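Here's a quick tour for anyone meeting this structure for the first time. Have a look at it, then read on.

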Amino acid sequence: MPDTGVVTARSPRFTESTQGRLRRLNLATSLPPLMIAAAVLLFIDVHAWWHVVVLAPGVAAGLVAFERWTANDLARVALPGVIVAGAVWPLGVLLTGSPNAYWGVCAVGSLALREVRRRRALVVAALFSYVAVVGAARLLVERDDVHEVLVSYVLIPTALTVLVTVMTIVGERFYDLIRELEQTREREAELAVVRERVRFASDLHDIQGHTLHVVKLKIALAQKMLLRDAGRAEKELRETYALVSDTIAQTKELAYAQRRLNLSAEIENAKNLFEAAGIRVRVTREAEVDARAGEMLGQVLRETTTNILRHAQATQVQITLSEAGITIVNDGVAGNSPPELRGLSALRQRVSGDGGELTVEQHEGRFRTAAMFPSARAGTTAAGREHDR
């Protein structure tokens, strides 16, 4: 790369969801005032039909550059925009006598600075100098009122270009801060998922580690007793078989999140995970949850929490508890179609088998997971499952 240092892709990269929200915000708040300002400047400066032909490309370049900036795609149009807007300014000064023709080069130039990686101070000075020198060129065609020319074509355009550039640089720092906060949230979310995996590994170790050690000792004891006391050896093998069977059952329960859960503990754990990831959490208790239905609802909450941390770009989560149901809503929808969530699909079958219903839906930028049991069955679902075991 030559020392001129103009490169692309320096702009901060955001997730698709965050970029979409920022783009809509910028388009709604900033583009209308810019379009109005451009129309007013054209109205003031245009005195003949051909003036529109000269000045309109600069205005268009500024608006296109801003629109592409909101889409994080400025690099593709930065150089053509600077060339077009840079050509309009001297034409406006020398041909149409338009002191506001600098508007395009001011807008495009200040935005294009974010694509400059090296010698940015030199490029900034070159932008200001270009605006001032071209404005001073008006003296070549209008020498009667030097003071008016210097104020209208040099001082005001240069001062406003400096002001817009400073504001753009400050705005760039703001976007860098947003990017850093988002990256921090992503790291916290990944860390939360890692914690869940560690917790799963710890549970698995608790289940199997002790069992395998006992099995090893019992088999060794059975080997010693095989010739001296066959009855004792047979007893040890039966106990070993029962122990292994029980461990297999517990492992399956752990793998499918079927171990008995405490809903209150799961809510507290979910709040801690979300807050660690920078997500605001609100818990609403419309009624006291039936203790025997709480286990299944806790499994739904745990699976949903993991999905939000892994797949969503949420800023807030609402957890609502009723007597026999739970609803989790987050605003982190990414994309137009719901992601494939296999864990919730498996839970839907189990909730349905217990007489309940698990619904997952996406609407107006929000993702909603709800598990509900009929009130009459709320007190029997978990007990029935224990009985089946």
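## A nonpolar patch on the surface

In this predicted model, Trp49, Trp50, Val53, Leu91, Leu94, Leu95, Leu140 and Val141 make up a nonpolar surface patch, and together they have about 850 Å² of accessible area.

Leu140 sits in the loop between helix H6 (120-136) and helix H7 (146-228). With a relative accessible area of 60%, Leu140 counts as exposed.

## A helix under cover

Now for helix H5 (residues 103-112), which is mostly covered: ten of its ten residues are buried. Among them are Trp103, Cys106, Ser110 and Leu111.

## Two helices side by side

Helix H2 (residues 31-45) and H3 have axes that come within 11 Å and cross at roughly 165°. That angle is over 145 degrees, so H2 and H3 are roughly antiparallel. The crossing of H2 past H3 is right-handed.

## Salt bridges

The count of salt bridges comes to eight. Some of them join up: Glu67, Arg68, Asp73 and Arg76 are linked in a network. Within it, the side chain of Arg68 meets Glu67 at 2.7 Å, N to O, and Asp73 at 3.0 Å. Arg68 is buried, at 18% relative accessible area, while Glu67 is partly exposed at 21% and Asp73 is partly exposed at 23%.

Another salt bridge pairs Glu266 with Arg302 (2.9 Å, N to O). This one links distant parts of the chain, with Glu266 in helix H9 and Arg302 in helix H10, 36 residues apart. Glu266 is buried, with a relative accessible area of 6%.

Conventions
Residues numbered from 1 in each chain as written. Predicted model: local features only at pLDDT ≥ 70, side-chain atom pairs only at ≥ 80, totals over all residues. Heavy atoms only, no water. Buried < 20%, exposed > 50% of the residue type's maximum accessible area, 1.4 Å probe, protein only. Helix = DSSP H or I, 4+ residues; strand = E, 2+ residues; numbered from the N terminus. Patch = residues over 30% accessible without salt bridge, like charges linked within 9 Å, V, L, I, M, F, W, Y side chains within 5 Å. Areas by Shrake-Rupley, 256 points an atom, 1.4 Å probe, with all protein chains shown as cover. Salt bridge = Lys/Arg side-chain N within 4 Å of Asp/Glu carboxyl O. Axes fitted to C-alpha atoms, helices over the stretch in contact; angles between N-to-C directions. Parallel < 35°, antiparallel > 145°, perpendicular 65-115°, else oblique. Left-handed = near helix turned anticlockwise from the far one by under 90°.
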